[in-house]
Each structure stands twice: as C-alpha cells, then as structure tokens.
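Student: I have a model open and would like to learn how to read it. Can we go feature by feature?

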Amino acid sequence: MIESVDYLTHKHFGKILADKDVEILDPATGTGTFITELIEYLPKNKLEYKYKNEIHCNELAILPYYIANLNIEFTYKQKWVSIKSSIISVLSIRLNIPVFMRSS
C-alpha cells in the first residue's frame, strides 16, 4: 500500500512521501497499520522530521485509538533505537572504544 501511494505521489506530483512539505494524513487510522508501515518505509534520515511534523492521523473510536497510539509509538521507537544503535556501533568502531547501551 505504501509503495503504491509513493508511486502515485511521484507520478502525479513529482514528489515522494519522504520529501519535505509532503503532508501525510490518515483520516481513519484504525489501529495504525498504515502509519506503522509508513514509519518502516521512510528512510532513517527523514524519519524524525516527518514523524514530528508531517504525519497526521485521526481515529474516533476510543479502543482503536489506544491501539494505534501503542502501535505507532512502538514502531517509531523501535526504528529510532535501531538508528541510534547503528550510529553508536559506527562510532565505537571508528573510535575503538567500548559502548554500553542501557535499556530504557
């Protein structure tokens, strides 16, 4: 689904989902599947900005809203932790220092 949206966005507007100023709205997010897939799809270097500024979703029913909140936050944090782990690994290899990560 995400790849189809990205293709159509590029075909009709000349932009991709990861581009700045491309607002993404999921008006009936349900349990957040579209947004979680979007988080997985976006390049790591664009994720933080898109997540904080250009991804919007809405859900009226309370139970799906809570599930979406958990799913979206979990997916974002998992991807962000992998980004930070990659950066720390590269730094520790380049600087030849041991790195100890604390789980939160």
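Student: Is asparagine 53 buried, partly exposed or exposed?

Tutor: Start with the relative accessible area. Buried is under 20%, exposed is over 50%, and partly exposed lies in between. Asparagine 53 has 37%, so asparagine 53 is partly exposed. Keep in mind that this is a predicted model. Asparagine 53 belongs to helix H3.

Student: What pattern does the chain follow along the sequence?

Tutor: Read the elements in order. Here the order is α-β-α-α-β-α. That comes from 4 helices and 2 strands.

Student: What share of the residues counts as buried?

Tutor: The chain has 104 residues, and 26% of them are buried.

Student: How do I read contacts against sequence distance?

Tutor: Take contacts between residues at least 6 apart in sequence. In this chain, 69% of them join residues at least 24 apart.

Student: Now the helices. Which residues of helix H3 are buried?

Tutor: Helix H3 covers residues 44-53, and its buried residues are Leu47, Lys50 and Tyr51. They span an arc of only 100° around the axis, so they sit on the same side of H3. The general idea is simple. An α-helix has 3.6 residues a turn, so residues three or four places apart point the same way.

Student: Which exposed residues does the face of H3 turned away from its buried side carry?

Tutor: That face carries Asn45 and Lys52, both exposed.

Student: Which residues of helix H2 are buried?

Tutor: Helix H2 runs over residues 33-41. Its buried residues are Ile35, Thr36, Leu38 and Ile39. Their arc is only 155°, which puts them on the same side of H2.

Student: Take isoleucine 39 from that set. What does isoleucine 39 touch, leaving out residues up to four places away in sequence?

Tutor: Isoleucine 39 touches Leu47, Tyr51, Ile72, Thr75, Tyr76 and Lys79, with those sequence neighbours not counted. Isoleucine 39 counts as buried because its relative accessibility is 0%. Isoleucine 39 and tyrosine 51 are 12 residues apart in sequence, and their C-alpha atoms are 7.9 Å apart.

Student: Are tyrosine 51 and tyrosine 76 buried or exposed?

Tutor: Both tyrosine 51 and tyrosine 76 are buried.

Student: On to charges. How many salt bridges are there?

Tutor: There are 2 salt bridges. For each one, read the N to O distance, then the accessibility of both partners. Lysine 52 and glutamate 48 form a bridge at 2.8 Å, N to O. Both lie in helix H3, 4 residues apart, about one turn of the helix. Lysine 52 is exposed, because its relative accessibility is 58%. Glutamate 48 is partly exposed at 33%.

Student: What about the salt bridge of lysine 50 with glutamate 54: how far apart are the closest N and O atoms?

Tutor: In that bridge, the closest N and O atoms are 2.7 Å apart. Now check cover. Lysine 50 is buried, with a relative accessible area of 1%. Glutamate 54 also counts as buried, at 1% relative accessibility.

Student: Last, the surface. Which residues make the nonpolar surface patch?

Tutor: Ile62, Leu63, Tyr65, Tyr66 and Ile67 make a nonpolar patch of about 510 Å². Take leucine 63 as one case. Leucine 63 lies in helix H4, residues 62-95. Its relative accessible area is 56%, so leucine 63 is exposed.

Key. Residues are numbered from 1 along each chain as its sequence is written. This is a predicted model: local features need pLDDT of at least 70, side-chain atom pairs count only at pLDDT 80 or more; totals for chains, interfaces and linings use all residues. Side-chain values use heavy atoms; hydrogens and water are left out. Patches are made of residues with over 30% relative accessible area and no salt bridge: like charges are joined within 9 Å, nonpolar side chains (Val, Leu, Ile, Met, Phe, Trp, Tyr) within 5 Å. Accessible areas come from the Shrake-Rupley method with a 1.4 Å probe; for residues, only the protein chains shown count as cover. A salt bridge is a side-chain nitrogen of Lys or Arg within 4 Å of a carboxyl oxygen of Asp or Glu. Buried means under 20% relative accessible area, exposed over 50%, partly exposed in between (1.4 Å probe, protein chains only). Contact means heavy atoms within 4.5 Å. The arc is that of the directions from the helix axis to the C-beta atoms.
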